[in-house]
Amino acid sequence: MSWSARDTRQQAHDLFGRYRQGGDPGLLRAAAERFEAAAAAAANGDPQRSKDLDHACIVLRVYFDETKELWAVDRAIAVGRAAVAAAPDAVAAVPPATHLGIALHSRYQLTHERQPLREAVAVLRRAAVDCPLSSELRPSILHHLAIALVLAFEDSDETSLLAEAVDTGRAASQLRGPLVLATAADLTRSLGTLAYRTGDVRLNREAVATARWALPLAAREGPQQEAVMLLALARALQSLS
């Protein structure tokens, strides 16, 4: 690792830390530029190159979330692809693939272009396969894969994609992590939609059971999270009735 790469990387982390304290999106743009510069300065074959590009992807996607500037998510996708390509092995490629998948389905939600969504599904499926079962990243991969699959179902009207989203959501909801409530809410909705499409009332019952299971967890998180889950439960009960 060259000293110039190390110094540049630290500057990027410092800029991102200042953004988290003050909220100026311009700091995100500067941090992304520093992470990309650190990747460019890293020695050939240095596995840190993939990590620096992955951090640039993350920061650019957060900038996009803040500003909705299309160039930012396009750049996040480009550096995310480069991060995956630079990873030394399949397991090391899982984090950048996850963040690339998130950037891709975020772009689709703004533009509704199908190619990024299809790539998001493919990338996140691959990440789910290659991710070790014990990895802390696994709940996030499954959560975002389920989101991408639901979007793909809504775009194509292919019920098989919704069924895969339900299976993925079930697996994700069994894992504990910061996304468990969002996963449970999404799963409740997907179960209800799949029940409507297939006429299988057991899926309605499962939707109600999922929302009831998540409600105490949501109540402990706060009134906003509890309200979201109560709404999901109410809709599931209405569908069951």
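I began with the largest pocket, which holds about 250 Å³ of space. I noted that this is a predicted model, in which local features need pLDDT of at least 70 and side-chain atom pairs count only at pLDDT 80 or more, while totals for chains, interfaces and linings use all residues. Residues are numbered from 1 along each chain as its sequence is written, and side-chain values use heavy atoms, with hydrogens and water left out.

Points are joined across faces, edges and corners, and a volume is the space filled by probe spheres set on them.

Which residues lie nearest the centre of the largest pocket? I found Val150, Glu154, Asp186, Arg189 and Ser190 there, out of 16 lining residues. H7, helix H8 (159–173) and H9 each give two or more residues to this lining (helices are DSSP runs of H or I, at least four residues, numbered from the N terminus). H7 gives the largest share, seven residues. By class I wrote down eight nonpolar, five polar and three charged residues (Ala, Val, Leu, Ile, Met, Phe, Trp, Tyr, Cys and Pro count as nonpolar, Asp, Glu, Lys and Arg as charged, the others, Gly among them, as polar).

**Then the cavity**

How many cavities of 30 Å³ or more does a search of the whole structure find? I got one. The largest cavity has about 30 Å³ of space, and I listed Pro139, Ala172, Leu175, Gly177, Leu179, Val180 and Thr183 as its lining. Five of these lining residues are nonpolar, two are polar and none is charged.

**Helices around the pocket**

I turned next to H7 and helix H9 (residues 180–198), whose axes come within 11 Å and cross at roughly 30° (axes are lines fitted to C-alpha atoms, for helices over the stretch in contact, and angles run from 0 to 180 degrees between N-to-C directions). That makes H7 roughly parallel to H9, a term for angles under 35 degrees. In H7 I saw His143, Ile147, Val150 and Phe153 meet a set in H9 that includes Asp186 and Ser190, with contact meaning heavy atoms within 4.5 Å.

H8 and H9 pack at about 145°, their axes 9 Å apart. Among the residues that meet here, I noted Ala172 in H8 and Val180 and Thr183 in H9. This contact has eight nonpolar, seven polar and two charged residues.

**One last pair**

The axes of helix H6 (residues 114–130) and helix H7 (residues 138–156) come within 9 Å and cross at roughly 145°. I counted twelve nonpolar, one polar and four charged residues in this contact by class.

How values were computed: Parallel < 35°, antiparallel > 145°, perpendicular 65-115°, else oblique. 1 Å grid on protein atoms, 1.4 Å probe; cavity = no way out; pocket = protein on both sides within 12 Å on 5 of 7 lines; lining within 4 Å.
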